[in-house]
Amino acid sequence: MAESFAFSIAETVLKKLGSVALEGISLAWGVKREFEKLQGTLNAIKAVLLDAEEQQARNHELSLWLQKFKDACYEVEDLLDEFEIEALRMQVLQRGSTGRKVRHFFSGSNPLAFSIRMGYKIKKANEMLNEIAATKAKFLLVEKHEIINTVMHSERETYSFVKTSDVVGRDQDKENIIEFLMHTTDGEDIPVLPIVGIGGLGKTALAQLVFDDERVEMHFELRIWVCVTEDFDIKQLMIKIIKSATGEKCLDKNKEELRKVLHECLSGKRFLLVLDDVWNEDKKKWIELKNLLAGGAQGSKIIATTHSNKVATITGTTPQYDLDELSDKNSLSLFLKLAFKEGEEEQHPNLVKIGEEIVQKCKGVALALKTLGSLLCSTVEEVDWERVRDSEIWSLEQKENDILPVLKLSYDHLPCFPKDYEFPSYELVSFWMAHGLLKSSKKNEDPEDIGSRYLNELLSRSFFQQTEDCFFFFTFKMHDLMHDLALSVAQNEVKSFNQYFKGNVRHIRFDLSGQGTFNLPNDLGHLRTLFLQREEQMGSSEALVATCTSRSKHLRVLHLDWSSFEQLPNSIRYLKHLRYLSMDSCGNIKKLPNFICNLQSLQTLYLGGCDEIEELPKDIRYLISLRTLIITTKQRGLQDNGIGCLSSLRFLGIFYCENLVKLFEDMQNLTALRIIGYWEMQKLDIVAARFKILDGITKFDNR
């Protein structure tokens, strides 16, 4: 199945072309007519994109045409961004000195050179789009408009736990498993019950129901919940078990130290351990983990949820518990519960009838029922329901135990993150903002507010799971199936780990805990996201980052959390499109290069946990687009005429600054600031700090 982002990308580019800001820029540079040509061609192609996206699964040539159009849209967006970046640079020059202006003229971005270069690029973009538009006629596409109204519902509540009332048809399964847990067994071996079923049946929800049951809570001294990664890394599992049991983070301990902490944690206690989503088929790894769990009291039990019968055979000490599909009655009940408000279905018998047909196609899979029910709750138009029922998605070839085509009806246009990656809400909103994915019909609505509404909607549709409240934000994960779905939709746009890739890859994730080498193509010019997973005490990633960034001039997102390098690669200074830079917990960096302050498009900068940074860059005031800033520094005071000049700043987090005594004097200049947070800063004069903060700003003080 080919990509299906084309319509959304075209809308993004057209919105940018029609913006007031870009209209002014086009007039200033004398390219208004050329921009109007781009706009006209894009609109002509966009009119048939919905039909093209519906047909692409059965027409390979059409799929390739869509891919070509999408690539062209990205190139046009890069081109438009260059004009906006140049406008930002001009704003910075007005703040700078005459000498700075002179240096600017003799650089590669002087106005004459810029005008010539961009004129050529616009001409090539128009030629490219005209060629694509000329070939669309042979596909006999018809104009279509969006049917399903995806209104963002602010009234729907979401929860970080499973409510009993939200789970349908699993009462008997719950009682059967609780009976196993309460049953006394002899012998030293810890009994293990595997719960087995295809993805989306509700294995995790059932395990959570059992885990939270009052009888289970009273029976076990210690209850531990761990979401297992695919690689079944023993060290990571020990860290997770300890954290779930005690709340203690042991990221800096070696395996022997972890073993001792784990033994102390479990020793003499009757515990319940739930290992959610186990994929490991290596018996040696399982035996190693189980040996580490010895020492608990008699009556300790383990539950493991898995898709695989082979995993169940390796882990189980008792016959596996096969979770069946929901009955027709329970399936319809779950679907209607999400598709309608209580009692509302009685007012729409015609929709209920269509719903019954949709339910039959879901084959008792709870996740499919929930996602489609949630999708249709936003409309009572019969044509919308019929569109879902009659979609060609149902007739696509479907592998055994595969429900991705069904789920794809709901999630055609969403980005993906690593499996089991737990991320804070503000991080995802910043990621979306960096890629220009936040859209609103309301004028002057802040992207942060749009992103919050997106998150609430996705939570209500079961796209995310296991949320946790953390003061002013929350953390969550994607369901594994949703992650697989996002990858299937993105296809060649997203690559991960150290696999070889080719083509127009736009998002790369490297797992630096692996042992392989990375085969990087020379041309990474299309790359927009570079995501480095935590290194786990591996060697420096500086060379890899330097190589990637030197070949990726259009990066929007650079995620380097927990990296071990001591200085940022010089090639980052040329990432003029960069909007998101995260260096959370990069503990070896002592000084940030001042060239960061030349990244005028930067909207998000995370430096929290960089506890060796001696001083923030002196020209930080030139980051005029910055909206979110989180810092950790060894400074005693923050300089004036620095952060206080960031007029776009919405969120400021000052974390773990043990030496910080005072804030900058010009804090009252931050008129756009909405949230400020302090963490672990015992020496800060908070009374003086609060006096400087404008009224109406939300303050979080956790010193």
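In which sense, left-handed or right-handed, does H17 pass H18 in the crossing of these helices? The model in which this is asked is a predicted one, and the crossing is right-handed. Helix H17 covers residues 366–376 and helix H18 covers residues 382–389. Because angles over 145 degrees count as roughly antiparallel, H17 is roughly antiparallel to H18. On the H17 side the contact involves Leu-372, Leu-375 and Leu-376, which meet Asp-384, Trp-385 and Val-388 of H18. By class, the residues of this contact comprise 5 nonpolar, no polar and 1 charged.

A second helix pair can be described in the same terms. Two packed helices are characterised by the angle between their axes and the distance between those axes. For helix H5 (residues 60–95) and helix H7 (residues 111–135), the angle is about 160° and the axes are 10 Å apart. H5 is therefore roughly antiparallel to H7. The crossing of H5 with H7 is left-handed. H5 contributes Trp-65, Lys-68, Phe-69, Ala-72, Glu-75, Val-76, Leu-79, Glu-82, Phe-83 and Glu-86 to the contact, while the residues from H7 include Phe-114, Arg-117, Met-118, Lys-121 and Ile-122. Further along H7, the contact also includes Ala-125, Met-128, Leu-129, Glu-131, Ile-132 and Thr-135. Sorted by class, the contact of H5 with H7 holds 13 nonpolar, 1 polar and 7 charged residues.

From these helix pairs the description turns to the chain as a whole. The protein chain contains 24 helices and 18 strands. Of its 703 residues, 53% count as buried. Among contacts with a separation of 6 or more, 66% join residues 24 or more positions apart.

The largest nonpolar core has 55 residues, of which Met-583, Leu-629, Ile-643 and Ile-654 touch the most other members. At least two residues of this core come from each of strands E10 (507–511), E11 (529–533), E14 (604–607), E15 (628–631), E16 (651–655) and E17 (675–679), and likewise from helix H23 (542–550). The element that gives the most to this core is H23, with 3 residues. The surroundings of Leu-629 can be followed in detail: apart from neighbours within four places in sequence, Leu-629 is in contact with Leu-605, Ile-620, Ile-643, Leu-646, Leu-649, Phe-651, Leu-652 and Gly-653.

Key. Residues numbered from 1 in each chain as written. Predicted model: local features only at pLDDT ≥ 70, side-chain atom pairs only at ≥ 80, totals over all residues. Heavy atoms only, no water. Axes fitted to C-alpha atoms, helices over the stretch in contact; angles between N-to-C directions. Helix = DSSP H or I, 4+ residues; strand = E, 2+ residues; numbered from the N terminus. Parallel < 35°, antiparallel > 145°, perpendicular 65-115°, else oblique. Left-handed = near helix turned anticlockwise from the far one by under 90°. Contact = heavy atoms within 4.5 Å. Nonpolar A, V, L, I, M, F, W, Y, C, P; charged D, E, K, R; others polar. Core = buried A, V, L, I, M, F, W, Y, C linked by side-chain atoms within 4.5 Å. Buried < 20%, exposed > 50% of the residue type's maximum accessible area, 1.4 Å probe, protein only.
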